[in-house]
Amino acid sequence: MKPLTYPLATLGRATLGFLAMVGRVAIFAGQSLSHIVRPPYYPREFLNALLNIGYFSLPVVGLTAIFTGAALALQIYSGGQRFSAEAVVPQIVAIGMVRELGPVLVGLMIAARVTSSIAAEIATMKVTEQIDALVTLSTHPMKYLTAPRVLAAILVVPALVGIGDIIGIMGGYIVGTKQLGFAPGAYLTNTWNFLETADIVSSLVKGAVFGFIAAVMGCYHGMNSGRGAQGVGRATKTSVEAAAIMILAANFLLTSFFFTS
Amino acid sequence: MIELTNVHKSFGPKKVLAGVNLTIPRGESMVVIGGSGTGKSVLLKCILGLMTQDSGTITLDGEDTLKAERDAFLARFGMLFQGGALFDSLPVWQNVAFRLLRGSLARPWPEAREIAVEKLRRVGLTADVADLFPAELSGGMQKRVGLARAIAAEPEIIFFDEPTTGLDPIMSGVINDLIREIVVEMGATAMTITHDMSSVRVIADKVAMIHGGKVQWTGPVSEMDASGDPYLTQFISGSAEGPIEAVR
């Protein structure tokens, strides 16, 4: 090979490698969905996943949402003052939280908390031969490990997003009424009247998609981790990076789908 | 009977198995020995279908293992992994009774627990251990729990991967004796992978030595010491001098 073609070859290899990985992830995601609907089912694993992904994520989701809603109210008030539009704080906080910040921040928090934990757990199971042990015990690892986690994430992350939206709006409400002088009743009325069904539906759909991405990326990188502690560490790091980027990309596509027609 | 015919397996350019031929008759205890990295574990994983051989055939009672119905095929096996491979998230008794709580062999929980406690007792552990988690056990206890899990569903064939690795000599002796007792008691076909010669002498009916990706020597354990095979002799004596290179 001539030296002049080295950069092209490197670029080609990287592109092929990337496309191959996209293909493998897509196949893995498809298999995960197919295992969800085909027996055998593992209800205990599903309930455990519901608890871990949903219930135990509530504190981090709540704290993230309340501070974001509160900061958002301050920013909108201060920015709105420049053209005498500070009265729109309740509406913009509501739309900002429900359409965008609620789902995205919950998605990213789930990527940080749940994707990393799934990837580390499954990768450790792989390194310590627990996945092989599952197979020898006539248990399909995709059915036992992946399907319950993916299904739980699809179902519970929209609920977390809904809760995050409400807590975020409440953060804006507290700042609006205690610090910025809004009347409590008027703040809530403006919030409620301004929101449309499509805003809420888009928020929940985003939650389901982000939950799916977070769980699939955790399971995929865990199942395909390298050997030893370094392999587990790399799988965990890569899973969170991939989930975060895919969540942000999916957010753009879903926002385009819901609100640009 | 398990029969391997001309089994090959490579990882990239590295040939690990280069034409393995081996027969494990029903009810016999075969111990496979060989240096580190000679493909003993790969051989075992190929039989179980955890890896697929590149070429050659592996049959169980005449049926090609690649064509066998997976659940029915695996239901005939029990396996003790080198590190125990116990599930961290489950208490000991659920590890032991894993197969009895799910799938075609599923039983009511109280019955499965009773069997698990009985199997734990069989490997010398008391009922107190049943509700502990694997991380709370010593290495020797984890091996025993792994052994109890391997025999819980009373399989026809049991595989033991390096059963005494990481254990002190006394605990190794206990595990070796347990394996021998259980295999004889259950009449199971057993295949053990080890480079611990004391395990070989206790566990084996027959021995197969793997070197260079092939079976270098195979025969009854009673003939092992007088085999005259230079590779086997060097391996048994643990000498650095001989046809097996010390640096691999």
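Reply: Happy to. Two residues count as in contact here if their C-beta atoms, placed from the backbone, lie within 7 Å. Helices (H or I, at least four residues) and strands (E, at least two) are DSSP runs, numbered from the N terminus. The model is predicted: local features need pLDDT of at least 70, side-chain atom pairs count only at pLDDT 80 or more, and totals for chains, interfaces and linings use all residues. Residues are numbered from 1 along each chain as its sequence is written, with chains lettered from A and ligands numbered from 1 in the order in which they are written.

In chain B, helix H6 (residues 139-151) packs on helix H7 (residues 169-186) at an angle of about 10°, and their axes are 11 Å apart. H6(B) is therefore roughly parallel to H7(B), a label for angles under 35 degrees, whereas those over 145 count as roughly antiparallel, 65 to 115 as roughly perpendicular and the rest as oblique. Axes are lines fitted to C-alpha atoms, for helices over the stretch in contact, and angles run from 0 to 180 degrees between N-to-C directions.

From H6(B), the contact takes in B:Gly140, B:Lys143, B:Leu147 and B:Ile151. H7(B) meets them with B:Met171, B:Ile175, B:Leu178, B:Ile182 and B:Met186. By class, the contact residues comprise seven nonpolar, one polar and one charged; Ala, Val, Leu, Ile, Met, Phe, Trp, Tyr, Cys and Pro count as nonpolar, Asp, Glu, Lys and Arg as charged, and the others, Gly among them, as polar.

Elsewhere in chain B, an open sheet of four strands runs in the order E2-E1-E4-E5 with antiparallel pairing, where pairing takes at least two DSSP bridges between two strands. Its edge strands are E2 and E5 (63-64), each pairing on one side only. Strand E1 (residues 2-11) and strand E2 (residues 14-24) share eight bridges.
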